[in-house]
Amino acid sequence: MPASEILHSKTSIPRLDIVDVVRGIAIAGVVLFHLVWDLAFLGVIPSAVSVHPLWLLFGRLLAGTFMVLVGISLVLATAGGFRRQAFLRRLVVLIVAALIISVVTRVIFPQNFVYFGILHAIAVASVVGVLVSRLSTSVIVGLGFATYALGFLWTSETFDPRWLAWTGFAASPPPSNDFVPFFPWIGLTLFGIAGTRIAFARNLVRYARPLHGHTARSLAWLGRHSLTIYLIHQPILLGLLIPIVNLTG
């Protein structure tokens with residue numbers, strides 16, 4: 001099947017375990033990342049640990065993984081035809097979840113609240129993915145490189161206010177506990193779309209066999225429930241850690 005026809009074909013694609021497993025590993029990494037942040041915030045470990053360049057790089061790699069997975073999942077989900085209602089329902093859930101994160105962090109961390117974090121970026125990337133779905137793979141690759149590069153090559157103080165900083169063009173973006181701007185991160189989603197199309201065109205998907213074993217099933221479960229885990233893991237972590245720290249402090 002030509003790669004350009006994948007998104008509009010009538011052939012449904014079974015859920016790929018490897019995608020859920022990778023997403024599961026990523027969300028487990030997010031929980032670990034925030035656990036370290038919480039321990040530093042509560043003074044249990046030195047604050048330098050949570051802001052060490054290598055640890056911050058780990059966090060960026062997790063965000064990048066999710067952005068690539070957005071593109072992969074869009075191709076897989078629309079291989080049997082674009083299901084508008086399912087897409088819109090998922091998009092609304094993402095937008096509401098992103099707004100909840102913004103409101104809650106605005107109350108708890110008014111100076112560093114999340115005004116455009118990973119959920120905001122995923123919601124926007126999902127829309128962008130659908131808009132470019134009829135373009136050729138080569139064009140999407142070009143857009144991916146252009147989007148990714150532009151996020152590093154050009155900034156302006158004009159974009160420093162929060163209502164513009166989300167673009168990624170801010171010279172000094174306002175601080176945030178989670179910041180995943182449009183440029184360059186959407187470029188990774190475009191790479192995910194193009195890469196998955198190429199995998200289909202070269203029939204590489206045949207190597208994505210079902211995964212067995214307790215570890216694989218557990219990670220796949222985490223991946224299938226990653227949004228719920230993302231929303232509840234911090235309240236659970238802080239709800240457990242704060243009383244423990246208070247009792248032992």
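Let's start with Asp20 and Arg23, whose side chains meet in a salt bridge, at 3.3 Å from N to O. A salt bridge here is a side-chain nitrogen of Lys or Arg within 4 Å of a carboxyl oxygen of Asp or Glu. Keep in mind that this is a predicted model: local features need pLDDT of at least 70, side-chain atom pairs count only at pLDDT 80 or more, and totals for chains, interfaces and linings use all residues. Residues are numbered from 1 along each chain as its sequence is written, and side-chain values use heavy atoms, with hydrogens and water left out.

- Asp20 and Arg23 sit three residues apart in helix H1 (residues 17-41), so about one helical turn separates them. Helices are DSSP runs of H or I with at least four residues, strands are runs of E with at least two, and both are numbered from the N terminus.
- Asp20 is buried, at 2% relative accessibility, and Arg23 counts as buried too, at 13%. For these labels, buried means under 20% relative accessible area, exposed means over 50%, and partly exposed is in between (1.4 Å probe, protein chains only).
- Asp20 also meets the side chain of Arg224 in a salt bridge, at 3.7 Å from N to O. That pair links distant parts of the chain, with Arg224 in helix H9 (residues 214-224) and Asp20 in helix H1, 204 residues apart.
- Arg224 is partly exposed, with 41% relative accessibility.

**The Asp178 and Arg60 pair**

- Asp178 forms a salt bridge with Arg60, and their closest N and O atoms are 4.0 Å apart.
- Asp178 lies in the loop between helix H7 (162-165) and helix H8 (182-201), while Arg60 is in helix H3 (residues 53-78), so this pair ties together parts that are 118 residues apart in sequence.
- Asp178 is buried, at 14% relative accessible area, whereas Arg60 is partly exposed, at 33%.

**The overall salt-bridge picture**

- Searching the whole structure turns up three salt bridges.

**Annotated transmembrane regions**

- An unreviewed UniProt entry marks "transmembrane region" at several stretches, including residues 21-45 and 227-245. Its positions are given in the numbering used here, feature names are shortened, and annotations may be inferred rather than shown by experiment.
- Residues 21-45 are 84% helix and 0% strand, and the end C-alpha atoms lie 30 Å apart.
- Residues 227-245 are 100% helix and 0% strand, with end C-alpha atoms 28 Å apart.
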